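Welcome to this short tour.

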Amino acid sequence: MALVELRDVVKRYELGGETLTVLKGVDFTIEAGEFVAVMGPSGSGKSTMLNMIGLLDEPSEGTVLLRGEDVTTLSDRERTKARQGAIGFIFQDFYLIPSLTATENVELPTLFGGAGNKKGREKAIELLTDFGLGDRLDHLPKELSGGQQQRVAIARSLVNEPQVLLADEPTGNLDQKTGKEILDRLREICDSGVGIIAVTHDPNVAAYADRRVNIVDGVIDGDDALAREDHDA
Ligand SMILES: Nc1ncnc2c1ncn2[C@@H]1O[C@H](COP(=O)(O)OP(=O)(O)OP(=O)(O)O)[C@@H](O)[C@H]1O
Ligand SMILES: [Mg+2]
């Protein structure tokens, strides 16, 4: 069964009496253990599609299925619960909470729904250490570099062990070496059975993917399996 499936998803915005159709009937599936790169020009609908997959926004028409369950008919509360249990996000702008330390930011998603416990903090510290931030645990976001903040955001996306990981330009602020380390790590996570969808303009990211989906003007124009390059070379 697909982890997530979009069936003929249409997204429209009403603006000043005009209707803007941003997604024009998108069909898409991702399976466990797949790494999909989503590419396409600015304004083509990539982030909008990611928001649909991540249950952050509702389609105007069409169906979104999470592990076979139609989530378009759920209440807001049920949808939020489904999202928290299954989906991790790495946002382009990080959205770290300025008043919380690195550890507290990463721990935060484990506190929702009453699951907060020692384990959440341990997991947060383990992830941050893994990402080379073991000596930055108590720093606030403003005390971290852009690339370090990005790694905190990635750690936070993983703390609840999601089945689907969504990333908008996950390596946008990283130097080549750190970027490669993060991609290697994402690849490992993916190989452990997580489905990853990364929106990117970076050919290095696309080189890590199993599939590349191209979006042009709200429609999928190309969905191709890729031969993966040898990254250890
Ligand atoms: N809330 C909104 N109201 C009206 N129009 C919107 C809204 N959100 C997005 N759009 C429009 O939808 C289109 C697609 O936006 P989207 O953010 O999905 O593009 P994108 O492919 O992610 O682009 P980029 O590569 O620049 O991030 C854009 O033309 C944008 O102006
Ligand atoms: Mg975008």
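Is lysine 123 buried, partly exposed or exposed? Lysine 123 counts as partly exposed, because its relative accessibility is 21%. Please keep in mind that this is a predicted model.

Lysine 123 has a salt-bridge partner in glutamate 161, with the closest N and O atoms 3.2 Å apart. This pair links distant parts of the chain: lysine 123 sits in helix α4 (residues 118–130), while glutamate 161 belongs to the loop between α5 (146–158) and β7 (164–168), 38 residues apart. Glutamate 161 is exposed, with a relative accessible area of 56%.

## Other salt bridges

Across the whole structure, a search finds 17 salt bridges. One of them joins the side chains of arginine 79 and glutamate 58, at 3.2 Å from N to O. Here, too, distant parts of the chain are linked: arginine 79 is in helix α2 (residues 76–86) and glutamate 58 in the loop between α1 and β4 (61–66), 21 residues apart. Arginine 79 counts as buried, because its relative accessibility is 7%, whereas glutamate 58 is partly exposed at 36%.

A further pair stays within one helix. Arginine 185 and glutamate 188 both lie in α6 (residues 176–191), three residues apart, or about one turn of the helix. Their side chains meet in a salt bridge of 3.7 Å, N to O. At 19% relative accessibility, arginine 185 counts as buried, since the cut-off for that class is under 20%. Elsewhere, Glu34, Arg211 and Asp223 are joined into one network by salt bridges that share partners.

## Around ligand 1

Now turn to the ligand. Ligand 1 is surrounded by 13 residues, and the closest are Ser42, Gly43, Lys46, Ser47 and Thr48. By class, this shell holds five nonpolar, seven polar and one charged residues.

Several polar atoms reach oxygen atoms of ligand 1. In the side chain of lysine 46, an N or O atom is 2.7 Å from one such oxygen. For serine 47, a polar side-chain atom lies 2.9 Å from an oxygen of the ligand, and for glycine 45 a polar backbone atom is 3.0 Å from one. Taken alone, ligand 1 exposes 640 Å², and the protein buries 61% of that.

Which elements give two or more residues to the shell? They are β1 (4–15), β2 (18–30) and α1 (46–53). Helix α1 gives the most, with three residues.

Note on methods. Residues numbered from 1 in each chain as written. Chains lettered and ligands numbered in written order. Predicted model: local features only at pLDDT ≥ 70, side-chain atom pairs only at ≥ 80, totals over all residues. Heavy atoms only, no water. Near = heavy atom within 4 Å. Polar contact = N/O pair within 3.5 Å; in protein donor to acceptor, adjacent residues only side chain to side chain. Areas by Shrake-Rupley, 256 points an atom, 1.4 Å probe, with all protein chains shown as cover. Helix = DSSP H or I, 4+ residues; strand = E, 2+ residues; numbered from the N terminus. Nonpolar A, V, L, I, M, F, W, Y, C, P; charged D, E, K, R; others polar. Salt bridge = Lys/Arg side-chain N within 4 Å of Asp/Glu carboxyl O. Buried < 20%, exposed > 50% of the residue type's maximum accessible area, 1.4 Å probe, protein only.
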